[in-house]
Amino acid sequence: MSVRDSFVYQRCINPACGGTRSVLECEFTCPRCGDLLDVAYDWDCLPVPRSLREAGNGPTDAGHVSASRALLRRSGVWRFWSLLPFAPHEQILSIGEGQTLLLPADRVAEYVGLRPGRLHLQYEGLNPSGSFKDNGMTAAFTHARMVGARRAACASTGNTSASLALYAAASGQMRAVIFIGSGKIAFGKLAQALDHGALTLQIHGDFDDALERVRQAASRLSLYLVNSINPFRLEGQKTIIYRIVEALDGEPPDWVVVPAGNLGNLSAFGKAFLELRELGLIGRMPRLAAVNAAGADTLHRLWNEQGLRWRRGSWDRLRAESYFQELKRTQRKASTVASAIEINRPVNLPKALRSLEASEGVVCVVSDEEILEAKARIGSGGLGCEPASAASVAGARKLRQQGVISPDDSVVCVLTGHSLKDPNVTVACHGTDEHLFQEVLGRRGIGRIPSANPPVCVPNDLGQIITVIEARA
Ligand code: F0G
């Protein structure tokens, strides 16, 4: 066992089990009980930074910064290496991910019902593949290198596959294998997978079906799995929180609001805050708010309606299992215009419950119309995002209306993906093309949104063009 192996390992999330695996294994379930695993650190034996600011300065060599370390210091993930120290620097695969921004958004704040200065948007669309997934993919690929993997696989609603395809291409040595449901993926994302040369398998079914299959195929063929069941991926996603707290000068916000799909972010964010507190780098925990789309609302149903709680690890698995059985029996499939979060069987459910419990978190649910209206408000407020990302803002608004969030609370909504990921939905919801509207939104029963901004058809005549501009701009 190497020195690193002894300070870093994988540990069962169930405190009563205590099962462990070496950091160099890539079967991501507990060998004893089959539960999910965390990456665990023996912090007493590792160089712990004295502040988040120090952590964010990245690895240094006593005055000398080598070229590769300079690259790591530019990555918004790896400059926080000391808070996810599972990999030797030379194994890290970085393509400049995580250079994202926390931006004030007063016009969106007004829509949400918050006082000026109280809402910030964490813009993860700035990542190399256009979504937050790159934060996790750099970490997963780094681990894949550590274990000598040659083929990496995922099931995806689109962004994980885009990110996987990009990192595999960038690595120059790994092959990407992608499972997607039929007709379930936005074109921007599919385009990325194809463009970067991934083997793209379209199976009959949805994300939940694809995830089941990729897990089977991965275990049969020893493919390296990069779905968020992979705990190393979640280590990378912790850095979204570090960047948020860093941008707020070390003061955590009152709330972090996040769209809820496979619940990887919720899991990673809770772990990030728990570790920051354990290491004495923050004084208090913010509250996490998870937002389901109404057509993919497992977390909402289990948390709000059935009262499912983590209970320090003794959570009611049977309740969750019987919920999933019922979904299967009634053939209820997830369905939302926010295709990225069109998921009914979130693999990270237990970790998400843990995050919610630790942060006194809440769960809410928003309709597709609310998502699209929020997306248009974010867009006209100066930032572009895809529908799933807008669920965070729609959720914050709902929680404001319910009085859960106060007008003076400081709130960060995470914008998880870029607006160009899913142009069809955007054009359908703003445009005048009735056929497109019906195909993308109407058939789901979605109506026109109040903030629709349709293009204006004008004859090719300067006088008429000027009249329209004077009247409308
Ligand atoms: N937002 C976007 C843009 C996403 O792509 C996803 C998940 C989520 C939110 C939900 O995040 O799973 O951590 O709760 N997309 C996955 C994919 C499932 O395959 O791209 P989560």
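Let's start at Q331, which is exposed, with a relative accessible area of 67% (exposed means over 50% relative accessible area, buried under 20% and partly exposed in between, using a 1.4 Å probe and protein chains only). Q331 is not a glycine, yet its phi is positive, at about 55 degrees. You will find Q331 in the loop between α12 and α13 (349–358). Helices here are DSSP runs of H or I with at least four residues, strands are runs of E with at least two, and both are numbered from the N terminus.

R312 is another non-glycine residue with a positive phi, of about 50 degrees. Its place is the loop between α11 (298–305) and α12 (317–329). R312 is exposed too, and its relative accessible area is 73%.

## About the model

This is a predicted model, in which local features need pLDDT of at least 70 and side-chain atom pairs count only at pLDDT 80 or more, while totals for chains, interfaces and linings use all residues. Residues are numbered from 1 along each chain as its sequence is written, and side-chain values use heavy atoms, leaving out hydrogens and water.

## The chain as a whole

The protein chain has 18 helices and 13 strands. Its radius of gyration is 22 Å, close to the 23 Å that the globule rule gives for 473 residues, so the chain is as compact as a globular protein of that length. The radius is taken over C-alpha atoms, and the rule is 2.2 Å times the number of residues to the power 0.38. Along the principal axes, the C-alpha trace spans about 75 × 55 × 45 Å.

Buried residues make up 57% of the 473 residues in the protein chain. Among contacts (heavy atoms within 4.5 Å) with a separation of 6 or more, 71% come from residues 24 or more positions apart.

## How α6 packs on α7

Helix α6 (residues 159–171) and helix α7 (residues 187–195) pack at an angle of about 25 degrees, and their axes are 8 Å apart. Axes are lines fitted to C-alpha atoms, for helices over the stretch in contact, and angles run from 0 to 180 degrees between N-to-C directions. The two helices are therefore roughly parallel to each other, a term for angles under 35 degrees.

On the α6 side, the contact is made by N159, A162 and A165, and on the α7 side by K189, Q192 and A193. By class, this contact has three nonpolar, two polar and one charged residues. Here Ala, Val, Leu, Ile, Met, Phe, Trp, Tyr, Cys and Pro count as nonpolar, Asp, Glu, Lys and Arg as charged, and the others, Gly among them, as polar.

Definitions and conventions
Parallel < 35°, antiparallel > 145°, perpendicular 65-115°, else oblique.
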